[in-house]
Amino acid sequence: MLLLLLGIIVLHVAVLVLLFVSTIVSQWIEGNGHTMDLWQNCSTSSMGSVRHCLLSSTNEWLQSVQATMILSIIFSVLSLFLFFYQLFTITKGGRFYLTGIFQILAGLCVMSAASIYTVKHTEWHTNYTGYTYGFTYILAWVAFPLALLSGFIYVILRKRD
């Protein structure tokens, strides 16, 4: 039972790390000396020594992506705290429904954010060609199934002594 709890906690912390990195790091779109993310657009000079960053656009869709990524982090952190709280308070045989629901909500929020970004990012930078999705965009998509998986594990999990 101890190994199962440790594995669940490691999975949850891994999801949290993925969510934090994908929200903070500036690599959602990259190419030709430019990087773009949820918060800023950066470009590197031709010499490669000077990096210029501007704030991201104020489009409504981008603000919704920012908000849902932040909500996914909040839901995941709440889920982790609820898990530890329920671990010591629920009776034997009880299930971690509340913890699982918050973790599933975190997964759905990150899925919504990545989906909106996938559909709408072309409106943001229509004149750029040769750009690819960056590693943080991919990390957001990786966090989605892992968050859902850990949420379903929490729902199925029963407390034992």
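In this predicted model, Ser 150 sits in helix H4, which covers residues 135-156. Ser 150 is buried, its relative accessible area being 0%. Setting aside neighbours within four places in sequence, the contacts of Ser 150 are with Leu 11 and Gln 103.

Thr 58 tells another story. This residue belongs to the loop that runs between strand S4 (51-55) and H2. With a relative accessible area of 61%, Thr 58 counts as exposed, because the cut-off for that label is over 50%. Between the C-alpha atoms of Thr 58 and Trp 39 there is a separation of 9.8 Å, and the two residues lie 19 residues apart along the chain.

Then there is the pairing of helices H1 and H2. Two packed helices are described by the angle between their axes and the distance between the axes. Helix H1 (residues 2-24) packs with helix H2 (residues 60-89) at an angle of about 160°, and their axes are 9 Å apart. H1 is therefore roughly antiparallel to H2, since angles over 145 degrees get that description. As for handedness, H1 and H2 make a left-handed crossing.

On the H1 side, the contact is built from Leu 5, Ile 9, His 12, Val 15, Leu 16, Leu 19, Phe 20, Ser 22 and Thr 23. H2 brings in Met 69, Ser 72, Ile 73, Ser 76, Val 77, Ser 79, Leu 80, Phe 83, Phe 84 and Leu 87.

Terms used: Residues are numbered from 1 along each chain as its sequence is written. This is a predicted model: local features need pLDDT of at least 70, side-chain atom pairs count only at pLDDT 80 or more; totals for chains, interfaces and linings use all residues. Side-chain values use heavy atoms; hydrogens and water are left out. Axes are lines fitted to C-alpha atoms, for helices over the stretch in contact, and angles run from 0 to 180 degrees between N-to-C directions. Helices (H or I, at least four residues) and strands (E, at least two) are DSSP runs, numbered from the N terminus. Angles under 35 degrees count as roughly parallel, over 145 as roughly antiparallel, 65 to 115 as roughly perpendicular and the rest as oblique. A crossing is left-handed if the near helix is turned anticlockwise from the far one by less than a right angle, and right-handed if clockwise. Contact means heavy atoms within 4.5 Å. Buried means under 20% relative accessible area, exposed over 50%, partly exposed in between (1.4 Å probe, protein chains only).
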